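Please look over the structure below before reading on. The text then goes through a pocket, a set of strands, the aromatic rings and the disulfides.

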Amino acid sequence: WGTSGSPTPVPTTGNGGGRAQTTYVTSYGYNDNDDGNGHYGTAVIAYPNSQHSIATEGSGMYDDPVTFATDPRELALQSLIYVPYLRKYFRMEDGCAECTTDWNNGRWHIDLFMGPNNALQPEPALANCAASITRNATIYINAGPGYPVDTQKMFQNGQCTAHTY
């Protein structure tokens with residue numbers, strides 16, 4: 001905990017740099033994303049930008065990150081992170097109610113977008129895929145280029161295609 005009473009990341013170095021932080025990592029998709037007004041089955045994001053106007057599972061490369069959600073007090077809007085166990089970069093573009101609850105209780109929590117952003121996906125396949133990558137893990141905050149990247153989508157064609165390392 002830092003002097004402000006908030007969790008503080010630990011500096012580290014690596015190929016892409018950034019600050020290492022142990023974080024609870026979950027995932028969400030089109031089916032369980034809401035538009036901020038309780039309407040589910042949408043790709044609306046809270047913080048659209050010039051790269052993404054809706055939630056997007058990009059290639060996961062530094063220049064084509066995947067959308068992630070958290071509380072904006074935890075990580076600044078548009079922050080870039082790297083998740084080593086998925087070998088992907090993600091950009092903070094959405095809000096997450098559970099992340100806010102966890103942040104208020106002193107727990108780091110991010111929620112990673114997976115799957116297509118234009119239609120409902122088969123269940124329980126999407127939920128099971130999200131569960132398969134849920135864990136406490138080290139992430140790198142404000143990571144730069146240079147980390148290895150797996151460009152395989154995490155969920156596509158109704159199937160879980162996520163790889164973990």
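**Pocket, strands, rings and disulfides**

The volume of the largest pocket is about 380 Å³. Its lining consists of 24 residues, and those closest to the centre of the pocket are Asp34, Gly95, Cys96, Ala97 and Glu98. Three elements, β2 (19-28), α1 (97-104) and β6 (109-113), each give two or more residues to this lining. Strand β2 gives the largest share, three residues. By type, the lining of the largest pocket divides into ten nonpolar, seven polar and seven charged residues. The model is a predicted one, and local features are taken only where pLDDT is at least 70, while the totals for linings use all residues.

The strands come next, starting with β4. Strand β4 covers residues 80-83, with Leu80 and Tyr82 pointing one way and Ile81 and Val83 the other way. What is the burial state of these residues: buried or exposed? Leu80, Tyr82, Ile81 and Val83 are all buried.

Strand β4 has two pairings to consider. With strand β5 (residues 88-94), β4 pairs in the antiparallel sense over four bridges. Here leucine 80 stands opposite arginine 91 of β5. The hairpin formed by β4 and β5 has four residues between the strands, and arginine 87 takes a positive phi near 55° in that hairpin. The pairing of β4 with strand β7 (residues 135-141) is also antiparallel and runs over two bridges. In that pairing, isoleucine 81 has isoleucine 141 of β7 as its bridge partner.

The aromatic rings give another view of the fold. A pair of aromatic rings is described by the distance of the centres and the angle of the planes. Rings count as a pair if their centres lie within 6.5 Å, and by this rule the count comes to seven aromatic pairs. One of them joins tyrosine 28 and phenylalanine 113: the ring centres are 5.4 Å apart and the planes meet at 75°, so the pair is edge-to-face. Because tyrosine 28 lies in strand β2 and phenylalanine 113 in strand β6, this pair ties together parts that are 85 residues apart in sequence. Tyrosine 28 and phenylalanine 113 are both buried.

A second pair to examine is that of tyrosine 82 and tyrosine 147. The ring centres of tyrosine 82 and tyrosine 147 are 4.3 Å apart and the planes are at 10°, so this pair is stacked. It links distant parts of the chain, with tyrosine 82 in strand β4 and tyrosine 147 in the loop between β7 and β8 (155-156), 65 residues apart. Buried means under 20% relative accessible area. Tyrosine 82 therefore counts as buried at 2% relative accessibility, and tyrosine 147 counts as buried at 12%. Which residues form one aromatic cluster? The cluster is made up of Tyr62, Tyr82, Tyr89, Tyr140 and Tyr147.

How many disulfides does a search of the whole structure find? The search finds two. Counting the bonded cysteines along the chain, the disulfides follow the pattern 1-2, 3-4. The link of cysteine 96 and cysteine 99 is right-handed, with 75° about the S-S bond.

Another disulfide joins cysteine 129 to cysteine 160, with an S to S distance of 2.2 Å. The link of cysteine 129 and cysteine 160 is right-handed too, with 65° about the S-S bond. This pair links distant parts of the chain, since cysteine 129 is in helix α2 (residues 125-132) and cysteine 160 is in strand β9 (residues 159-160), 31 residues apart. Cysteine 129 counts as buried because its relative accessibility is 1%. Cysteine 160, at 39% relative accessibility, counts as partly exposed.

Asparagine 128 is also found in helix α2. Its relative accessible area is 48%, so asparagine 128 is partly exposed. Between asparagine 128 and cysteine 160 there are 8.1 Å in space, C-alpha to C-alpha, and the two are 32 residues apart in sequence.

Technical notes:
Residues are numbered from 1 along each chain as its sequence is written. This is a predicted model: local features need pLDDT of at least 70, side-chain atom pairs count only at pLDDT 80 or more; totals for chains, interfaces and linings use all residues. Side-chain values use heavy atoms; hydrogens and water are left out. A disulfide is a pair of cysteine sulfur atoms within 2.5 Å. Buried means under 20% relative accessible area, exposed over 50%, partly exposed in between (1.4 Å probe, protein chains only). On a 1 Å grid over the protein atoms alone, a cavity is a set of points where a 1.4 Å probe fits but cannot get out, and a pocket is an open set with protein on both sides within 12 Å along at least five of seven lines; lining residues have an atom within 4 Å of a point. Grid points are joined across faces, edges and corners, and a volume is the space filled by probe spheres set on the points. Ala, Val, Leu, Ile, Met, Phe, Trp, Tyr, Cys and Pro count as nonpolar, Asp, Glu, Lys and Arg as charged, and the others, Gly among them, as polar. Two strands pair if DSSP finds at least two bridges between them. Rings of Phe, Tyr and Trp (its six-membered ring) pair if their centres lie within 6.5 Å; planes under 30 degrees apart count as stacked, over 60 as edge-to-face and the rest as tilted.
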